[in-house]
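Try each task before reading its solution.

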Amino acid sequence: MDRRKFLMASGAAMAAATAQRALGGSLETAAAGLDLNRHRFGVNYTPSRNWWFCWNDWDAASIERDLDAIAGLGADHLRIMLVWPYFQPNTHWVSPLHLDRLDQLVTLMGKRHLDALVTVFTGQLSGWYFLPPFNRLSDGFYTQKMMGDAQELFVRELVRTLKPHANVIGFDFGNELNTCWKAPVRDGDAWMAKMFASMQEVLPDGLHVNGVDHHPWFEPDTFSPEALAAARFPVMHCYPFWTGAMKYGGAMDPPSVKLLAGMAALIRSYAGKQDKPVWAGEFNTCILDLPEKGQAAWLEKSVTAAIEQGVSWFSYWDTHDVDRKFEFNPVEYTLGLMTNDGRVKEQGSVFKQLAEAYRGKAVVYPKGSVPEPPKVRTLDGTWKWLLDWMSWKVK
């Protein structure tokens, strides 16, 4: 099943800091952990109580319990979702109440030595659209002056809240912007360059990224792979189910367990250098019938293969299973390292082992020449490139 079809249908880690953590001491600031040449391990946060609807039904106590459990798994950072229309319901106004709740969340994270990557223009999340009232789901997101002015205001107000915090990594532009707002590649690339410059200007010590889904890496979609790969820290979102890996083998075959490693090689083919740092910003199987034991085995094999391919940072999707009282695609309910009531699942235990084994260690980049990018830039053409890179023949 193609993720986009579903969406349309459903409408740190530096060695010194590692040593401090092991001794029970405090981490340095997020800026001190921005060494892209050392491994870090984090998770995409899914609040156990009321999912990200919690921005509108705030309960700090439940969030503190979540963060304690997440820190206990050895995570050093979280990717947190703002849900744009909650924070900015008007082009000229950003909600002080929601900014205060963001301030509280980042403060609570800092007390537990968790750094924050903050998504900004989150108009799509887990298959649901969250559009601000002034947006009409058009190409104007990237080109209209009204939208640009609203975006700049939102970023400035976020910086006012986040700048005092030492545990802020930086901004992710949004959650897979290309699944919500599409544009010709020239417009997407121009907007991306402008947004990188804008965010760097107002938060110069931050690390800012554009976490798109897999499509722009596989085929033309809003952003070019060359522009994405040229960023300081390219991000990949890797899901065997959504990328179509299961057409080429089982859950434990190379197209699945080497997807992170293969996409990192793909990104470097567009970057033109083997020592390009790459961040696995989201990854999971999304294979509904894969049990905990299988998910845990996939996690170990996938991360190990990715580390061998020189992937720097890892941010698993996600922390907690989603409460089934909410209506989501069935795939979304069981992706957590923990159940909704906080039980650590087998993959949670594996995550902790991987984090303890690799966090803070130097990234070892691949040797040899950089492969040429795919000649045929379609989903099938890119998969052929990946399968050749993996030396895997479909049975």
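**Exercise 1.** At roughly what angle do the axes of helix α13 (residues 259–271) and helix α16 (residues 379–390) cross?

*Solution.* A note before we start: this is a predicted model, where local features need pLDDT of at least 70, side-chain atom pairs count only at pLDDT 80 or more, and totals for chains, interfaces and linings use all residues. Residues are numbered from 1 along each chain as its sequence is written, and side-chain values use heavy atoms, with hydrogens and water left out.

Step 1. Find the helices, which are DSSP runs of H or I with at least four residues. The axes of α13 and α16 cross at roughly 110° and come within 10 Å.

Step 2. Classify the angle: α13 is therefore roughly perpendicular to α16 (65 to 115 degrees).

Step 3. List the contacts (heavy atoms within 4.5 Å). From α13 they include Met263 and Leu266, and from α16 they include Trp383, Trp385 and Trp389.

**Exercise 2.** Which residues of strand β2 (residues 77–80) lie on each side?

*Solution.* Step 1. Strands are DSSP runs of E with at least two residues. His77 and Arg79 are on one side of β2, Leu78 and Ile80 on the other, and all are buried (under 20% relative accessible area, 1.4 Å probe, protein chains only).

Step 1. Look for pairing (at least two DSSP bridges between two strands). Strand β1 (residues 40–44) pairs with β2 in the parallel sense over three bridges, with Val43 opposite Leu78.

Step 2. Turn to strand β3 (residues 115–119), which pairs with β2 in the parallel sense over four bridges. There, Val118 is the bridge partner of Ile80.

Definitions and conventions:
Buried means under 20% relative accessible area, exposed over 50%, partly exposed in between (1.4 Å probe, protein chains only). Axes are lines fitted to C-alpha atoms, for helices over the stretch in contact, and angles run from 0 to 180 degrees between N-to-C directions. Angles under 35 degrees count as roughly parallel, over 145 as roughly antiparallel, 65 to 115 as roughly perpendicular and the rest as oblique.
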